[in-house]
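The sequence and the model come first.

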Amino acid sequence: MPPLNNFDAIVIGSGISGGWAAKELCEAGFNILLLERGRNVVHLKDYPTATMGPWEFPHRGKKTIADREENPIASSCSYYTEATKHFFVKDAEHPYIQEKPFGWIRGYQVGGKSLIWNRQTQRMSDFEFNAPARDGFAVDWPVRYKDIAPWYSHVEKFIGVSGNKDGLAQLPDGEFQEPWEMNCVEKEVRSRIISHYADRPIIIGRCAHLTKPQHIHLQQGRGQCQARNMCNRGCPFGGYFSSNSSTIPWAMNTGKLTLQTDSVVHSIIYDKQKGKATGVRVIDAHTKKATEYYARIIFVNASALNTNLILLNSTSNRFPNGLGNDNGLLGKYVAFSNYRGGVSGSFEGYEDKYYYGRRPTMALIPNFRNLYKHDMDFLGGYMIRLMAQRRRGADSEETIGAKFKEALSEAGEWQVFMSMQGETIPKESNYVYLSKEETDPYGIPQLVTSVDYDDNDDRLVKDFLQQASEMLDTAGVKNIGKGDNHMTPGLDVHEMGGVRMGRDPKTSLLNGWNQLHACPNVLVTDGGFMTSTGTQNPSLTYMAFTARAVHHVVEEMKKGNL
Ligand SMILES: Cc1cc2nc3c(=O)[nH]c(=O)nc-3n(C[C@H](O)[C@H](O)[C@H](O)COP(=O)(O)OP(=O)(O)OC[C@H]3O[C@@H](n4cnc5c(N)ncnc54)[C@H](O)[C@@H]3O)c2cc1C
């Protein structure tokens, strides 16, 4: 056992990226303190709603008016329901200031948002890593696909990702288990679209679900996904990846992990004489007592915006504006995903066909904009999510009674949906900072968010709405409707940036190994490091960069460089 309060490494946050940091560091033989501000959530034991039927909930699992009134921010996340709300923070307990509307969705518990995420996992490609330098936005990524590809493989094998090897440069293949299947209408729509648009392949989504568990997954105690689609309650089969079912128990089994819950990290301690960080200050969530813990390296994985908050709050004589913030860019260039556009319509035919089970993914059209050159009137691109399903209940004039009930037992018409997952371009004017007046219940300054869409985002939405409508029309979809939902930033749940990576300490906070340029024994491997967003779901990328960063610092520590 290490001496009291002294560890080889401290990891702040036990969510998707922190779980990976803890696992990899423990496996390397280091004594790790994993600090988590929330309560413990033990796999299987602490999933109170995992097997409940709708009839067992007082409100059939829906969110209530009281939920909306008491938690207007958290409840505006579509995944917040009576069945999942215990994994979302209560708004009043964790205040922040929205200078511009920003729906900050948080899960403060062991496992973080890994319990409630939607598990879609795609690799980024060189199209995204090259884009900032080529098209002149953000800064050049200090990494390319070849640097991160082995780490994607490393992560995918362990978490289990289902998908098809599609051979696309814009969405590189991974280490896949059996893919989910498109249904008959999706296949029909697909073949009609791809025969008209050579640049728009349609593939089945890739997601962190075990369709064919391997030995490594059985060793984790996880089993095959049962396609229940009740995932965000916690899965009793371990069918999807969460830190709780996978990385944290794995790290615990090494005997090297100390998991300390209810511990709110206030700031990182910097020692000017030693020229490095020496530990962290922690506030006990219940007693509010402050304690210090020490380590040789510190991984900050509190989720992008909380990581910005912790670093901004880590002030010292050497770093009066926040740890590593010599260039004043900490908190700036925050970006997110643009989910504003949606297009749908009805599909005639295949009335005698149905589908089995609840598939945890959808079909995808990988980004086809600004790929080989910048040829649109906007920067960035979008991925399209495509799904066909039968309406619940055949057409009925009745809204109550026996006839209505009968109609409900029949499948309704086929409907086809497309929605966008767009890139937003990191810019200095999208930023977060610390309030000088308001503190949270732990005496920590509240985070202020000043993040919004711009004209580029509007042009992206416009292009998506036009292209998606045309594609559905080409596919024979009728009654096409389209719309811009103007989703509040943040509700996309992909907040990124503020501590971006780059080659130059003058224009970035982190080097190519996720180390603070100015304090290399502090690493940020959650979404804070993202130089640009790409169009992919980002969490797989956080996990891969985390594993790569751990491997690097372990080598450096062995050489005595850290
Ligand atoms: C409903 C929903 C659906 C999503 N779907 C997808 C998807 O399909 N694909 C995808 O890639 N991503 C998805 N995401 C995003 C994904 O959940 C996040 O990208 C991911 O969880 C980020 O990992 P993280 O480790 O940075 O943060 P988290 O998983 O949020 O973990 C951060 C942890 O740090 C702790 N913490 C915070 N502050 C402190 C502090 N001061 N001291 C100590 N501990 C602290 C938190 O309590 C938390 O446990 C989704 C998110 C939501 C909410």
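A salt bridge is here a side-chain nitrogen of Lys or Arg within 4 Å of a carboxyl oxygen of Asp or Glu. By that criterion, the whole structure contains 28 salt bridges. The model is predicted, so local features need pLDDT of at least 70 and side-chain atom pairs count only at pLDDT 80 or more, while totals for chains, interfaces and linings use all residues. Residues are numbered from 1 along each chain as its sequence is written, and side-chain values use heavy atoms, with hydrogens and water left out.

| Pair | N to O distance |
|---|---|
| Lys 23 and Glu 27 | 2.9 Å |
| Asp 166 and Arg 206 | 2.8 Å |
| Arg 318 and Asp 326 | 2.9 Å |

Helices (H or I, at least four residues) and strands (E, at least two) are DSSP runs, numbered from the N terminus. Lys 23 and Glu 27 are separated by about one helical turn because they lie 4 residues apart in helix H1 (residues 16-27). Glu 24 joins Lys 23 and Glu 27 in a network of salt bridges.

Relative accessible area is classed as buried under 20%, exposed over 50% and partly exposed in between (1.4 Å probe, protein chains only). Lys 23 is buried at 2%, whereas Glu 27 is partly exposed at 42%. Arg 206 is buried at 1%, and its partner Asp 166 is partly exposed at 22%. Arg 318 is partly exposed at 29%.

Gly 349 sits in the loop between strand E13 (341-347) and strand E14 (363-365). Gly 349 is partly exposed, at 22% relative accessibility. Its C-alpha atom is 8.0 Å from that of Trp 414, a residue 65 positions away along the chain.
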